[in-house]
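Hi everyone, thanks for coming.

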Amino acid sequence: MIGQSMVLAGEVPFPPSVEDFYPPSILPWGQHSVWFTKITFLVWLTTALIIVFFLVSNRKPKLVPTKKQWLAESVYGFVRNNISVDMIGPRGVNFAPYLTTLFCFILLNNFWGIVPFVQISPNSHIAFPAVLAVLSYVMFIWVGIRHHGFVKYFKTALMPPAPWFILPLLIPIEFFSTFLVRPFSLAVRLFANMFAGHMLLLVFTLGGFAMINANVWFAPFSIVSWVMSIALTFLEFLVIVLQAYVFTVLTASYVQGALADEH
């Protein structure tokens with residue numbers, strides 16, 4: 001957790017600001033390394049942990065699984081059965097590897113937001129949710145074109161079964177909602193939740209130290225502030241899991257819509 005000495009030394013300004021989401025480089029050599037920040041390192045670490053975990057867990061699979069093998073199979077089985085197959089149908093098995101990777105990547109990146117001494121999620125920076133949203137966006141369009149063909153896919157996506165005279169109104173609405181709103185809403189939903197969660201935890205944690213230093217009469221309220229930060233940490237954990245699940249479910253639903261034979 002962020003300590004009182006850091007607040008007194010001015011290393012962590014209060015109140016927190018948007019600048020907290022643009023940390024400096026963690027490399028020792030100059031401005032040319034500004035791209036490699038704490039957030040970049042966390043994304044790389046997340047990727048490495050996921051790869052190593054699944055490789056180690058399934059290196060020597062056994063009929064009676066070990067704990068690591070059971071955990072890896074449980075995660076994959078949950079996404080395959082409860083997201084891929086439930087949302088897409090039997091063809092969802094083909095998308096289970098991608099959706100499992102997506103779920104694990106978002107979940108672990110979100111989780112950094114409540115890890116002591118880290119306490120920031122890469123997904124609280126809009127760039128990373130935007131990239132994930134673009135990947136899902138490109139995938140469901142590509143799947144739809146591959147399944148239906150270019151012309152039929154866009155005809156199915158943009159022309160709902162409705163009287164011809166109302167189509168000039170419906171087609172722009174369908175285009176806007178399907179090809180513009182979807183990637184935007186995917187990215188913003190994840191980003192906004194992680195951004196807000198990080199700011200709330202900072203406000204209540206640093207607020208406790210600020211009230212102690214401000215006036216002796218405010219000291220008792222600092223305890224309330226810290227209790228709130230602990231309670232919000234548990235709430236943030238639920239949000240972390242929920243946002244990973246929602247992003248993956250929505251991606252699966254977009255794929256299902258792209259594969260559907262009717263609008």
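What volume does the second largest pocket have? Its volume is about 350 Å³. A quick word on how we work before I go on. This is a predicted model, where local features need pLDDT of at least 70, side-chain atom pairs count only at pLDDT 80 or more, and totals for chains, interfaces and linings use all residues. Residues are numbered from 1 along each chain as its sequence is written, and side-chain values use heavy atoms, with hydrogens and water left out.

Back to the pocket. On a 1 Å grid over the protein atoms alone, a pocket is an open set of points with protein on both sides within 12 Å along at least five of seven lines, a cavity is a set where a 1.4 Å probe fits but cannot get out, and lining residues have an atom within 4 Å of a point. Points are joined across faces, edges and corners, and a volume is the space filled by probe spheres set on them.

There are 14 lining residues in this pocket, and the closest to its centre are Phe53, Val75, Cys104, Leu107 and Leu108. H2, H3, H4 and helix H8 (219-259) each supply at least two residues of the lining, and H4 gives the most, with five. Helices here are DSSP runs (H or I, at least four residues), numbered from the N terminus. By class, the lining has 14 nonpolar, no polar and no charged residues. In that scheme Ala, Val, Leu, Ile, Met, Phe, Trp, Tyr, Cys and Pro count as nonpolar, Asp, Glu, Lys and Arg as charged, and the others, Gly among them, as polar.

Now for the cavities. The lining divides into three nonpolar, seven polar and one charged, and its largest share, four residues, comes from H7.

Let's stay with Gln119, which sits in the loop between H4 and H5. Is Gln119 buried or exposed? Gln119 is buried, because its relative accessible area is 17% and buried means under 20%, exposed over 50%, and partly exposed in between (1.4 Å probe, protein chains only). Gln119 also has a positive phi of about 50°, although it is not a glycine. Phe117 is found in the loop between H4 and H5 too, and its phi is near 70°, again positive in a residue other than glycine. Phe117, however, counts as exposed, at 69% relative accessibility.

Last stop, the core. A nonpolar core is a set of buried Ala, Val, Leu, Ile, Met, Phe, Trp, Tyr and Cys residues joined through side-chain atoms within 4.5 Å. The largest one has 40 residues, and Phe247 and Val255 have the most contacts inside it. H8 provides the largest share of this core, eleven residues. Leaving aside neighbours within four places in sequence, Phe247 is in contact (heavy atoms within 4.5 Å) with residues including Leu102, Ile106 and Leu186. A second, separate core of six residues includes Ile39, Trp112, Val115 and Val118. As background, in soluble globular proteins nonpolar side chains tend to be buried together.
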